[in-house]
Amino acid sequence: MDKPNDQEFQKRLGRVEELIAGLESTPDPAVRAQVSELIQTLLDLHGSGLERILGVVYDSGADGAAMIDQLGQDRLVSGLLLLHGLHPLDLETRVRKALEEVKPRLGLHGGSVELVEVRDDGAVRIKLEGNCNGCPSSRVTLHSTIEEELYAAAPDITSLEVDGAAEAAAPVNSNGAHPFTTCPLPDGNGEKTAAVAREKS
């Protein structure tokens with residue numbers, strides 16, 4: 001049997017959510033109550049089954065504990081474990097691991113990111129450092145790289161605060177030109193073509 005990849009799984013999950021939303025929008029309160037009870041019963045059943053499976057694996061010895069850690073790193077399985085409160089890693093550990101994953105990519109822009117805090121309510125605060133701090137493309141970098149990785153590893157994050165992200169409108173020089181449109185490379189010789197073109201015009 002072929003195993004679904006992350007994209008297929010997300011598509012199926014999205015369809016389940018659509019079906020549930022459709023059923024919960026029915027005007028009949030009795031039907032809505034039955035749908036709610038059915039969903040909760042299925043979640044409890046699956047959660048109990050997963051907990052029993054993890055218990056059996058863990059009791060098998062040191063290899064069992066290592067296997068549970070490995071399962072927690074699989075994005076598809078990780079989501080299921082989080083849904084049922086069974087993930088072996090806490091929120092802060094998962095956030096730190098996700099940030100370590102994106103640091104090499106941010107390094108290509110001469111930047112980095114550090115975790116400032118993870119609050120008890122699930123709110124996360126991070127700080128952009130280096131050339132990505134204040135760069136006009138920081139928002140793009142943040143959305144496509146950091147946020148994607150963080151929410152994939154920790155969908156239970158309730159809010160994400162970012163220190164050092166560029167404002168919606170990048171700072172401009174006295175001549176009205178943006179200083180650069182892409183993050184400069186570590187040697188300071190990044191692309192400045194747009195600014196140069198404006199200065200020549």
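**Entry 1: a strand residue**

Is Glu161 buried, partly exposed or exposed? I looked it up: Glu161 has 37% relative accessibility, so I logged this residue as partly exposed. A reminder to myself that I am working on a predicted model.

Glu161 has a salt-bridge partner, Arg119, with N to O at 3.8 Å. I then checked where the two sit: Arg119 is in the loop between E1 and E2, Glu161 is in strand E3, and 42 residues separate them, so I noted a link between distant parts of the chain. Arg119 came out as partly exposed too, at 32% relative accessibility.

**Entry 2: the strands**

Next I went through the strand pairing. E1 covers residues 111-118 and E2 covers residues 123-130; they run antiparallel, and I have 7 bridges down for them. One pairing I wrote out is Glu117 with Arg125 in E2.

On to E3, residues 159-163. This strand runs parallel to E2, and 5 bridges join the two. Here I noted Val124, whose bridge partner in E3 is Leu160.

**Entry 3: salt bridges**

How many salt bridges does the count come to? I got 9. I went through a few of them one by one.

Lys103 pairs with Glu114, and their closest N and O atoms are 3.1 Å apart. Lys103 belongs to helix H5 (residues 91-107) and Glu114 to strand E1, so this pair ties together parts 11 residues apart in sequence.

Arg105 is in H5 and Glu149 in helix H6 (residues 138-153), so I have parts tied together across 44 residues of sequence. Is Glu149 buried or exposed? With a relative accessible area of 12%, Glu149 is buried, because the cut-off is under 20%. Arg105, at 38% relative accessibility, is partly exposed.

**Entry 4: nonpolar cores**

I looked for the largest nonpolar core and found 15 residues in it. Val95, Leu99, Val113, Ile126, Ile146, Leu150 and Ile157 have the most contacts inside this core. Which elements give two or more residues to it? My list reads H5, E1, E2 and H6. H5 gives the most, with 6 residues.

Another core lies apart from this one; I counted 5 residues there, including Leu54, Val57, Ile68 and Leu86.

**Entry 5: a serine in H4**

I picked Ser78, which is in helix H4 (residues 75-83). Its relative accessible area is 5%, so I put Ser78 down as buried. What is Ser78 in contact with, once neighbours within four places in sequence are left aside? I found Leu71, Gly72 and His87. I also took a C-alpha to C-alpha distance to Pro88: Ser78 and Pro88 are 9.1 Å apart in space and 10 residues apart in sequence.

**Entry 6: a surface patch**

Last, the outside. Which residues form a nonpolar patch on the surface? I have Leu38, Leu42 and Leu45, with about 300 Å² of accessible area together. I followed up on Leu45, which lies in helix H2 (residues 29-58). Leu45 is at 57% relative accessibility, so I logged this leucine as exposed, the cut-off being over 50%.

Note on methods
Residues are numbered from 1 along each chain as its sequence is written. This is a predicted model: local features need pLDDT of at least 70, side-chain atom pairs count only at pLDDT 80 or more; totals for chains, interfaces and linings use all residues. Side-chain values use heavy atoms; hydrogens and water are left out. Two strands pair if DSSP finds at least two bridges between them. Helices (H or I, at least four residues) and strands (E, at least two) are DSSP runs, numbered from the N terminus. A salt bridge is a side-chain nitrogen of Lys or Arg within 4 Å of a carboxyl oxygen of Asp or Glu. Buried means under 20% relative accessible area, exposed over 50%, partly exposed in between (1.4 Å probe, protein chains only). A nonpolar core is a set of buried Ala, Val, Leu, Ile, Met, Phe, Trp, Tyr and Cys residues joined through side-chain atoms within 4.5 Å. Contact means heavy atoms within 4.5 Å. Patches are made of residues with over 30% relative accessible area and no salt bridge: like charges are joined within 9 Å, nonpolar side chains (Val, Leu, Ile, Met, Phe, Trp, Tyr) within 5 Å. Accessible areas come from the Shrake-Rupley method with a 1.4 Å probe; for residues, only the protein chains shown count as cover.
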